[in-house]
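Open the model in your viewer and keep the sequence panel beside it. The tour goes from one selection to the next and says what to look for at each stop.

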Amino acid sequence: MAKPGVYKSEVKKARDSLVAQGKHPSVDAVRIALGNTGSKTTIHKYLKELEVEKGGADARQVSISEALQDLVERLATQLQEEANGQIDAARAQQAEQGKRHAAALTAAQQEAAQWRDQAQQFDTALQNERAAHAQTREALQQETITRHTAEQHARDLKDRLAENEAHRQSLEEKHQHARGALEHYRQSVKEQRDQDARRHEQQIQQLQAELRMVQQTVSVKQEDVTRLNQEGARLVAELSHAQQALREEQERGRRLAARIDVLQVIEQRCGILEAQGAEREVMIEDLRRQHAAASSSAQSLRDQMQTTQLELASAKAALAAQQDIAAELRTFLDTRAKS
C-alpha cells in the first residue's frame with residue numbers, strides 16, 4: 001500500500017524532472033520517481049491541480065488522454081487491489097482453515113495414538129491376567145493332587161494306627177490272661193501244698209518235684225510276660241510315632257485346606273478378571289470404531305483442503321487474467337497517447 005504524507009511540491013518536483021528527461025509524467029511514473037510512496041489518487045489529484053495551474057491548449061489536450069489513462073490506471077489499480085485483497089483474504093482463510101484442519105487432524109491422530117496405546121495396554125494386561133490365571137489354575141491342580149495324596153496317606157496312617165491299637169489291646173488281653181492264669185496256678189499250688197503237707201513225705205517230695213516243674217513253667221511264663229511287655233513298649237513307641245505323624249498330617253491337611261481356600265479366592269478373582277477382560281475387549285472394539293471414524297473425518301478434511309487449494313488456484317488464474325487485461329489496456333493507452 002502507498003505511504004501517506006506526499007506533498008504537492010514533491011509531486012511537482014517529480015513531474016518536472018520527468019518532463020525534463022523527455023518522459024511522460026504519468027501517475028505511475030511520478031509515483032516511481034517519488035520512491036513508490038504516496039497514493040495514486042493523491043498523486044493524480046496533485047497532477048490535475050498542476051495542469052490546471054499551468055493552463056494552455058496543450059495542457060488541455062493532454063489532460064484528456066491523461067485523464068482517461070489515469071482512469072484506466074486507477075481502475076486497474078483498484079481491480080488489482082481488490083483482487084489482491086480477495087487473494088489475501090482467500091489465502092488467510094485457506095491458511096486458517098488449513099491450520100484448523102491440521103490441528104484437528106493432529107488432535108485426531110494423537111487421540112487415535114492414545115486409544116491405540118490404551119488398547120495395547122489393555123491387551124497386555126489381559127494377557128498377563130490370563131497367564132496368571134493359567135498359573136493359578138495349574139497350582140490349584142497341583143495342590144488338589146497333593147491334598148488327595150496327603151488325605152490318602154492320612155487314611156493309611158489311621159488304618160495302621162487302628163491295627164496297632166487292636167494288636168496292643170490283644171497283647172494286653174493276653175498279658176492279663178497270663179497273669180490271671182499264673183495267679184490261679186499259684187493259688188492252686190498253695191492249696192495243693194497245704195494239703196500235701198499233711199500227707200506223706202513221699203507226697204511232699206512228689207509235690208516238691210511238681211513244684212520245681214511248676215517253677216520252671218512259671219519262669220517260662222515270666223519270660224513270655226517280659227517279652228510281651230517289651231513288645232507292648234515297642235508298640236506304644238510306634239503308636240506315639242504314629243500319633244505324631246497323624247498330627248503332622250492333620251496340620252498339613254489344615255494348611256492345604258487354607259491354601260485351597262486361598263486358591264478358591266484366586267479362582268473367583270480370575271473369573272472377575274475374565275469378565276473385566278471381556279468388557280475391555282468391548283471397549284477396545286469401540287475405540288477401533290472411533291479410530292475408523294476419526295480417520296474418515298481426517299480424509300474428509302484432506303478433501304476439503306484440496307478443494308480450497310483448487311479454489312485458490314482458480315482465484316490466482318482469474319487475477320492473472322485481470323492483470324493481463326490491465327496490461328493490455330495500459331499498452332493500448334500508451335500507444336494511443338504517443339500517437
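Select Glu49 and Lys8 and show their side chains: they meet in a salt bridge, with N to O at 3.2 Å. A salt bridge here is a side-chain nitrogen of Lys or Arg within 4 Å of a carboxyl oxygen of Asp or Glu. Glu49 lies in helix H3 and Lys8 in helix H1 (residues 8–20), so the pair ties together parts that are 41 residues apart in sequence. Helices (H or I, at least four residues) and strands (E, at least two) are DSSP runs, numbered from the N terminus. Glu49 counts as partly exposed because its relative accessibility is 31%, and Lys8, at 26%, also counts as partly exposed. For these labels, buried means under 20% relative accessible area, exposed over 50%, and partly exposed in between, with a 1.4 Å probe and protein chains only.

The model is predicted: local features need pLDDT of at least 70, side-chain atom pairs count only at pLDDT 80 or more, and totals for chains, interfaces and linings use all residues. Residues are numbered from 1 along each chain as its sequence is written, and side-chain values use heavy atoms, with hydrogens and water left out.

Next, select Asp28 and Lys40. Their closest N and O atoms are 3.1 Å apart, in a salt bridge. This pair links distant parts of the chain, with Asp28 in helix H2 (residues 27–33) and Lys40 in helix H3, twelve residues apart. Asp28 counts as buried because its relative accessibility is 18%.

Now select residues 40–54, which are helix H3. At 1.5 Å a residue, its 15 residues should span 21 Å, and the end C-alpha atoms are 21 Å apart, which agrees. The expected span is 1.5 Å times one less than the number of residues. Which residues of H3 are buried? Colour Ile43, His44, Tyr46, Leu47, Leu50 and Glu51 to see them. They cover an arc of only 165° around the axis, which puts them on the same side of H3. That arc is taken from the directions from the helix axis to the C-beta atoms. Turn to the other side of H3 for Thr41, Val52 and Glu53, which are exposed.

Move on to helix H5 (residues 201–338) and select Glu285 and Arg288, which are three residues apart and so separated by about one helical turn. Their side chains meet in a salt bridge, 4.0 Å from N to O. At 38% relative accessibility, Glu285 counts as partly exposed. For a set with shared partners, select Lys12, Arg15, Asp16 and Glu51, which salt bridges join into one network. The structure holds 13 salt bridges.

Stay with H5 and select Glu249, which lies in that helix. Glu249 is buried yet has no salt bridge, and the nearest side chain of opposite charge, Arg252, is 4.7 Å away. For charge, Lys and Arg count as positive and Asp and Glu as negative, while His and the chain ends are not counted. Leaving aside neighbours within four places in sequence, Glu249 is in contact (heavy atoms within 4.5 Å) with Ala150, His153, Ala154 and Leu157.

Finally, zoom out to the whole protein. It has five helices and zero strands. Buried residues make up 24% of its 339 residues.
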